[in-house]
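User: Good morning. I would like to go through this structure with you, one topic at a time.

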Amino acid sequence: MEQEYRKNRIKSRISWVIATILAVFAAVVAITPFIFMVMNSFKDKFEMLTKGVFALPAKLDFSNYQEVIQGNFFKYFLNSVIVLFVSLAVLLIISAFASYPLSRFKFKLNGFVYAVIVACMSIPVHITLIPIFKMSQSMHLYDSIWALIGPYVAINIPISVFILTSFMEQIPKEIEEAATIDGCGKIRIFFSVILPMAKPGLSTLAIYNGVNIWNEFIFGYTLTQSQPNRTLPLAVWEFQGQYSMNTPMIMAVLTLTVLPMIIMFIFAQDKLIKGMAAGAVKG
Amino acid sequence: MKKGEISLAKKRQRDTNRVAAIFLAPVVICLVIYIFYPIIETFRTSLLNWNGISANQEFIGLDNWAKLLQDGKFWTAFFNNIKIMILSIIIQIPLGLAMATFVEFAGKKSTIFKIVWFIPMLMSSVAIGFLFTYALATNGGIISSISQLFGGGNIDLLGNPKTALYTVIGVVAWQFTPFYMVYCVAGYTNVSEEVYEASVIDGANKRQYFFHIALPLLKPTLKSAAVLSMVGSLKYFDLVYVMTGGGPGDSTELMATYMYKLSFAQFNMGYGSAVAGGMFLLISLISLLTMKVLNGKKEDY
């Protein structure tokens, strides 16, 4: 008995050692490209070539960063912030509006409307790209950040309605009934009861969609053209043309574009992880 | 009296319908303008010979669709998508599950691993694409430098048509594995503490607990992870467009990159629309089939 127990303990300890080694290996793989990016962003052009990519930079030299910031960088950042807040506000309002009747009303078309919205989740955005490109031109929105709001709202609606509807379904019926007895109409119930109670769901959704909108590429790339009208993920293009042989410079641009997410990760790690897994409800 | 009640109920239902219509109007308008109309318009454009700019739209019927069926490049792209799909599911989900299981079993001590593993999720696909273009460069890339440390030569992973697609798949795995870790961690929180405790009291060790209790309970999580990964792989675009642009040759060409290049580089919007339409139909078909297969064998726990 004693021996058996000891054998099992040794076995379990060995498997822990192996698991930890593998975990460390996975951590190294996950972080190496990131370190490569940050470390080389401080080097000068020739330093990287002569000393190799793994050598620490000779000194903490911010001149690459200075040069990047002197370009359109702040303009990209500002554009991204505007697009993010406007799209997110519209998206959350529209989704909350839609989720209210879908989660709490009985009417004929309920199931159908919900099914159609949810089915949109697997539609590839590429099929909408050419017509939206043409539309942005005829509405004179092409090459402006305002062209991005509509598509950003629309492509994120299906998942948002899906998540919010299931969230609102969990709000107890009794609260609503009490409000009805107090003489509240359906519209007032939404604003004074359902919306405040849906806040946690809305904040998770804000993070989930916020990250998606912040990182969005294909519409930003197609619907804007001139550099001052572009968003942060597209910042690299400006510098890539100019400095394609200057890897440290590009690494500085990339580090700066990732910085807002890193800051958010440091200050609100749990919220961010939870928000980004919001899609992790059964699909 | 009875009559009055019925009309009251009717009135109430009419009221409900009216409020529902008001609340649903914005969503319907938005989806019609930015999703349903564009889909129809894409199918209409696929019947045209049109460069996207000139007013001259020549109606050519189903010519573009006939061309699509025989277009080797499109089917190469489709099968590249399928390869990415299969390898993504095989690589990312088990790795994500393994990481989540490690985090679950090791408890608080493993927080540092969870944080480090999550790092790739902080970068946009575009940033990852650019980073890896440089990190995998023949000259001064990470892999080449490691190979030189061991006395080897430079390695050109992205420039070689034989390795390019698998390299892309590796980078995609680097990007998305943390997502499936988080996904599985969320799945574990649904497996209640009591179930674990009960199994320990019953004398189950960790391996038995994992295979006989946790894994069956995680099945729905893993299923929907697989569906997500599948749909995601079929519409993959950003990273590949940035990293390889579909090349070398058409070794990493995907449906989305092919469609994009046709429409916005060659300005062949008629045929580009047909490719977009084909992509839409294939993805819808595959999603529907998968849903049917997965829901057909519904198991309850």
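User: To begin, which domains is chain B divided into?
Analyst: Chain B has domain 1, covering 2-45, and domain 2, covering 75-296. These bounds come from an automatic or database domain assignment. The centres of domain 1 and domain 2 of chain B, taken over C-alpha atoms, are separated by 38 Å.

User: Before we continue, what should I know about the model and its numbering?
Analyst: This is a predicted model, in which local features need pLDDT of at least 70, side-chain atom pairs count only at pLDDT 80 or more, and totals for chains, interfaces and linings use all residues. Residues are numbered from 1 along each chain as its sequence is written, while chains are lettered from A and ligands numbered from 1 in the order in which they are written.

User: What pLDDT does chain B average?
Analyst: The average for chain B is 86, and 96% of the residues score at least 70; pLDDT is the predictor's confidence in each residue, from 0 to 100. Within chain B, confidence is lowest in helix 8 (residues 193-201), with a mean of 78, and highest in helix 11 (residues 255-264), at 93. For the complex, the predictor gives an ipTM of 0.87 and a pTM of 0.88.

User: How many helices and strands does chain B have?
Analyst: There are 12 helices and 2 strands in chain B. Helices (H or I, at least four residues) and strands (E, at least two) are DSSP runs, numbered from the N terminus. Along the sequence, the pattern of chain B is α-β-β-α-α-α-α-α-α-α-α-α-α-α.

User: And chain A?
Analyst: Chain A has 14 helices and 0 strands.

User: How many residues are in the largest nonpolar core?
Analyst: That core has 157 residues, and those with the most contacts inside it include A:Ile157, A:Val253 and B:Val275. Helix 7 (residues 164-190) of chain B supplies the largest share, 15 residues. A nonpolar core is a set of buried Ala, Val, Leu, Ile, Met, Phe, Trp, Tyr and Cys residues joined through C-beta atoms within 7 Å.

User: What is B:Val275 in contact with?
Analyst: Apart from neighbours within four places in sequence, B:Val275 is in contact with B:Leu68, B:Phe74, B:Met255, B:Tyr258, B:Met259 and B:Leu262.

User: Is B:Ser273 buried or exposed?
Analyst: B:Ser273 counts as buried because it has 28 C-beta neighbours inside 10 Å. A residue is buried if 20 or more other C-beta atoms lie within 10 Å of its own, exposed if 12 or fewer, and partly exposed in between, with C-beta atoms placed from the backbone. B:Ser273 is in helix 12 (residues 269-296) of chain B. Leaving aside neighbours within four places in sequence, B:Ser273 is in contact with A:Ile130, B:Thr42, B:Thr45 and B:Ser46.

User: One last topic: what is the phi of A:His140?
Analyst: A:His140 has a positive phi of about 55 degrees although it is not a glycine. Most residues other than glycine have a negative phi. A:His140 lies in the loop between helix 6 (126-138) and helix 7 (146-169) of chain A, and A:His140 counts as exposed because it has 10 C-beta neighbours inside 10 Å.

Technical notes: Two residues are in contact if their C-beta atoms, placed from the backbone, lie within 7 Å.
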